[in-house]
Amino acid sequence: MPQGIRMTVFLVVVSRFQDVLFPGRPLAFIKGRRVIERTTELVRAATTLCREGDVQVVVATDDERVAEHVHSMGIEPVVLSGACSNKTIRAYEAVCNRASSDDIVIIIEGNQVVMPPWVIAATVNALVADSSLQIVAPVVRLTQAAHRLAVEARRAGESAGVFVVRRQDGDALFLSRSIIPAMRTPREPLPVYKQVAVDGYRFSALQAYKSLPIGELEESEGIEQLRVIENGLRVRTIEVDYRGRSVIALEAEDDIKRIEAIIDREGELE
């Protein structure tokens, strides 16, 4: 980057009111605070942990009611049309008029109400530290116990998340909703990694993503970053640590009780 030009980091919270599983989710309450407020405050907390100083929080939404609440928190929202096909495109549309090619865009879904701020910051800091990286995906390594729970969830027909197979240099080989790689014999530590719901892009890579064709693997798995891998771009994975915290997404209304139980047990994230 030329001297005198400062990189900007955009932490983009993508918050959809018109969600299929849980309409109105951003304005639902968890222990007295709205979902969008909880997620946005965790993202704000991450700004103090980022190495790059010029960090901006952006909330992209499809609804004026969400925008009004976000504005009351002191954040200028971006209201998008319903035409954006996925969260990555929504994040691009939210910053495309103010981001430059070397800027960093971190995408956090608005349902990540217990996402540790240090995980978000680690994604930023990986891109700041290595200018050759274009796309970063944080992952967590599964323990034997966590692996068993994931296997049980899949056998019950439930989602267990997205799993990542990595090269030795950390680049992603493949992402799947199946638990990969298969474990023929038990070993510790397991080479099984689960994707974290935080995506990091240099803006130039986000621009490129917008023009990439959707491939068969993305259509089959329903995983947005498979579009990148199918088209030959690198996704560098970085291993992060939840530090003993439980992290689940608020997908459906029934998840509220589960998340409130986590907060009661582990306390509020700061």
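A crossing is called left-handed if the near helix is turned anticlockwise from the far one by less than a right angle, and right-handed if clockwise. The close-ups below come from a predicted model, in which local features need pLDDT of at least 70 and side-chain atom pairs count only at pLDDT 80 or more, while totals for chains, interfaces and linings use all residues. Residues are numbered from 1 along each chain as its sequence is written, and side-chain values use heavy atoms, with hydrogens and water left out.

**View 1. Helix H1 crosses helix H4.** The crossing of H1 over H4 is right-handed. Helix H1 covers residues 35-47 and helix H4 residues 117-129; they pack at about 50 degrees, with axes 8 Å apart. Helices here are DSSP runs of H or I with at least four residues, numbered from the N terminus. Axes are lines fitted to C-alpha atoms over the stretch in contact, and angles run from 0 to 180 degrees between N-to-C directions. H1 and H4 are therefore oblique to each other (under 35 degrees is roughly parallel, over 145 roughly antiparallel, 65 to 115 roughly perpendicular, and the rest oblique). On the H1 side, look for Leu 42, Val 43, Ala 45 and Ala 46, which meet Pro 117, Ile 120 and Ala 121 of H4; contact means heavy atoms within 4.5 Å. This contact has seven nonpolar, no polar and no charged residues (Ala, Val, Leu, Ile, Met, Phe, Trp, Tyr, Cys and Pro count as nonpolar, Asp, Glu, Lys and Arg as charged, the others, Gly among them, as polar).

**View 2. Helix H3 packs against helix H6.** Here H3 (residues 87-95) and H6 (residues 203-211) meet at an angle of about 120 degrees, their axes 10 Å apart. That makes H3 oblique to H6. Their crossing is left-handed. H3 brings Thr 88, Ile 89, Ala 91, Tyr 92, Glu 93 and Val 95 to the contact, and H6 brings Phe 203, Leu 206, Gln 207, Tyr 209 and Lys 210. By class, these residues are seven nonpolar, two polar and two charged.

**View 3. Two aromatic pairs turn up in a search of the whole structure.** Rings of Phe, Tyr and Trp (its six-membered ring) pair if their centres lie within 6.5 Å; planes under 30 degrees apart are stacked, over 60 edge-to-face, the rest tilted. Tyr 92 and Phe 203 have ring centres 5.7 Å apart and planes at 5 degrees, so this pair is stacked. The pair links helix H3 to helix H6 across 111 residues. Tyr 92 is buried, at 14% relative accessible area, and Phe 203 is buried at 2% (buried is under 20%, exposed over 50%, partly exposed in between, with a 1.4 Å probe and protein chains only). The rings of Tyr 201 and Tyr 209 have centres 6.3 Å apart and planes at 70 degrees, so that pair is edge-to-face. Tyr 201 and Tyr 209 are both buried.

Definitions and conventions: Helices (H or I, at least four residues) and strands (E, at least two) are DSSP runs, numbered from the N terminus.
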